[in-house]
Amino acid sequence: MNLILFGPPGAGKGTQAKRLMEERGYVQLSTGDMLRAARASGSPLGQRVAAIMDAGSLVSDAIVIELIEDALDRHAGAPGFIFDGFPRTVAQAEALDALLARRGGGIDLVLRLEVDEAALLARVTKRFEEQGRADDNPDSFKVRLKAYADQTAPLIPYYHAQGNLVALDGMASMDVVGAAVAAALDAV
Ligand code: AMP
């Protein structure tokens, strides 16, 4: 199973990915988590992306595509992959299609979590207060929302054309969204 959890920052992608890891043994591939780990380790890559991430902009396609390719190789044989926060541009989506095709697969399902902007802002403000993630500050969050609208939203027609896009109401409670995610997966 190759699943993309799709939606703007704060839509609940990470929360649902963690549930699916526990319930189904799928591997979560979050480029945001990988980049944060690179920063925490102080690696040259981490140092290169720090300012871009804190400002809320996207890092280059080449960097995240390489991270995903490495992770796919490291977890070869996993029962499923959850792509969380990747792809975020059409170039990344095309690269992912090519990476999966080379491994004899493709995207099986794209679940779009729909949440209105006021709710996103409320969730991310709460996360900023609780976790202090630098890019959750209000100014960076505005940049992240704009990056989503300009660079990531064009993936909606891309996956719609492939026929595997399913939209879910991401405003519901975590458990209700979780049940809808499970039903969509079971229908594939
Ligand atoms: P996230 O945790 O997914 O919200 O990602 C946090 C930050 O990491 C983003 O605001 C970007 O700066 C960077 N990032 C994560 N995933 C990607 C991606 N697929 N393409 C470009 N930048 C990314």
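Here are some friendly notes on the fold, the helix packing and a few single residues of this predicted model.

1. Let us start with the sheet. Five strands form an open sheet in the order β2-β3-β1-β4-β5, and the pairing is parallel. The edges are held by β2 (27-30) and β5 (165-169), each of which pairs on one side only. On average, and with direction ignored, neighbouring strands of the sheet are turned by 25 degrees against each other.

2. Within that sheet, have a look at the pairing of β1 with β4. Strand β1 covers residues 2-6 and strand β4 covers residues 109-114; the two run parallel and are joined by four bridges. As a handle for your viewer, Ile4 stands opposite Val110 in β4. As background, strands of a sheet pair through backbone hydrogen bonds, either parallel or antiparallel.

3. Next comes helix α2, which spans residues 31-41 and lies across β2 and β3 (81-84). Relative to β2, helix α2 runs at about 70 degrees.

4. Helix α2 also packs on a helix. Its axis and that of α4 (residues 61-74) come within 10 Å and cross at roughly 100 degrees. An angle from 65 to 115 degrees counts as roughly perpendicular, so α2 is roughly perpendicular to α4. On the α2 side the contact involves Thr31, Met34 and Leu35, which meet Ile63, Val64, Leu67, Ile68 and Ala71 in α4. By class, this contact has seven nonpolar residues, one polar residue and no charged ones.

5. What does Asp33 touch, leaving aside residues up to four places away in sequence? Its partners are Lys18 and Gln28. Asp33 is found in helix α2, and its relative accessibility of 33% makes it partly exposed.

6. Helix α6 (residues 117-131) and helix α7 (residues 138-152) have axes that come within 11 Å and cross at roughly 140 degrees. Angles over 145 degrees would count as roughly antiparallel; α6 and α7 are therefore oblique to each other. Their crossing is right-handed.

7. Which residues make the α6 and α7 contact? From α6 come Glu117, Leu120, Leu121, Val124, Arg127 and Phe128, and from α7 come Pro138, Phe141, Arg144 and Leu145. Sorted by class, the contact has seven nonpolar, no polar and three charged residues.

8. Arg144 deserves a point of its own. This residue sits in helix α7, and it counts as buried because its relative accessibility is 9%. Leaving out residues up to four places away in sequence, Arg144 touches Pro9, Gly56, Val124, Arg127, Arg133, Asp135 and Asp136. Val124 and Arg127 belong to the α6 side of the contact described above.

9. Finally, a backbone detail to keep in mind when you prepare the model. The peptide bond from Phe86 to Pro87 is cis, with omega near 0 degrees. Most peptide bonds are trans. Pro87 is found in the loop between β3 and α5 (90-102).

Definitions and conventions
Residues numbered from 1 in each chain as written. Predicted model: local features only at pLDDT ≥ 70, side-chain atom pairs only at ≥ 80, totals over all residues. Heavy atoms only, no water. Axes fitted to C-alpha atoms, helices over the stretch in contact; angles between N-to-C directions. Parallel < 35°, antiparallel > 145°, perpendicular 65-115°, else oblique. Left-handed = near helix turned anticlockwise from the far one by under 90°. Contact = heavy atoms within 4.5 Å. Nonpolar A, V, L, I, M, F, W, Y, C, P; charged D, E, K, R; others polar. Pairing = 2+ DSSP bridges. Buried < 20%, exposed > 50% of the residue type's maximum accessible area, 1.4 Å probe, protein only.
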